[in-house]
Amino acid sequence: STIQRIIQNAIEAYHPKPVRSPGGADLSIYESLFLEYMRIYQSHWRDDPKFDLSNTNAALPELPCPEMNEDALMRIARFPIERNFNLAPYRKIEAAFDVARYLGERVGTQGNRTGVAPTRCNLQVTGRGGGHWQLRHHDDQLCAIDRGPAAEEANKCYLTSATFRLLTEGKLTVAKSIDLGRIVLEGDCPGRKSVSSLLEKLVTNF
């Protein structure tokens with residue numbers, strides 16, 4: 001009933017043309033058209049599926065599933081109605097800077113031969129071409145780069161893919177980016193200094 005009310009309100013509020021009743025038209029035509037469209041969604045109603053969120057929660061623990069309240073449903077309904085359901089065709093968006101590729105080319109360039117367990121740092125790069133990684137390092141030397149955040153408590157580093165690109169191009173320094181708020185570090189003071197030094201090596205030839 002909530003979804004029905006939301007769809008009706010959205011059509012009345014956002015449809016580009018006034019919605020008129022069919023008058024004396026044969027409603028069976030509209031009913032058959034409605035049934036034809038609804039067959040597309042029949043598979044959604046056959047059972048009560050359960051979804052495994054283990055990988056999602058591991059990769060994005062800071063992004064809980066949004067609450068599907070009336071405001072959220074209205075935003076979802078508004079988008080296609082305002083466009084008269086003529087959605088733009090799929091277009092692949094190329095990343096301006098592929099951080100994953102950049103980091104992938106640098107995995108294994110350093111090794112940890114001390115036998116001491118490495119320290120972990122969570123690196124989160126937002127924007128196109130970004131992602132979430134954990135950097136394993138020892139004495140400011142990079143040991144390995146893994147996808148996804150570290151499960152245990154670790155120092156954290158946040159920046160955008162645009163900032164990351166400027167760092168690799170030498171147009172920004174890590175210290176200047178921190179001063180400008182383009183890089184945010186979380187953790188204790190020694191940990192932040194270590195991550196800053198590690199990031200400086202990561203965006204240059206180490």
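Visitor: Which strand does Leu-123 lie in?

Guide: Leu-123 lies in strand S1, residues 119–126. A strand here is a DSSP run of E with at least two residues, a helix is a run of H or I with at least four, and both are numbered from the N terminus. Before we go on: this is a predicted model, where local features need pLDDT of at least 70, side-chain atom pairs count only at pLDDT 80 or more, and totals for chains, interfaces and linings use all residues. Residues are numbered from 1 along each chain as its sequence is written, and side-chain values use heavy atoms, with hydrogens and water left out.

Visitor: Why is Leu-123 called buried?

Guide: Buried means under 20% relative accessible area, exposed means over 50%, and partly exposed is in between, with a 1.4 Å probe and protein chains only. Leu-123 has 0% relative accessibility, so it counts as buried.

Visitor: What does Leu-123 touch, leaving out residues up to four places away in sequence?

Guide: Contact means heavy atoms within 4.5 Å. Among the residues Leu-123 touches are Leu-103, His-132, Trp-133, Phe-164 and Leu-202.

Visitor: What makes His-132 buried?

Guide: Its relative accessible area is 12%, and therefore His-132 is buried. His-132 lies in strand S2, residues 131–138. Leaving aside neighbours within four places in sequence, its contacts include Ala-59, Glu-62, Leu-123 and Gly-148. His-132 and Gly-148 are 16 residues apart in sequence, with their C-alpha atoms 5.1 Å apart in space.

Visitor: How much of the whole chain is buried?

Guide: Of its 206 residues, 25% count as buried. The chain has nine helices and five strands.

Visitor: Why are H1 and H5 called oblique to each other?

Guide: Axes are lines fitted to C-alpha atoms, for helices over the stretch in contact, and angles run from 0 to 180 degrees between N-to-C directions. Under 35 degrees counts as roughly parallel, over 145 as roughly antiparallel, 65 to 115 as roughly perpendicular, and the rest as oblique. The axes of H1 (residues 2–14) and H5 (residues 70–82) cross at roughly 45° and come within 9 Å. H1 and H5 are therefore oblique.

Visitor: Which residues of H1 and H5 make the contact?

Guide: They include Ile-6, Ala-10 and Tyr-14 of H1, and Leu-73, Ala-77 and Ile-81 of H5.
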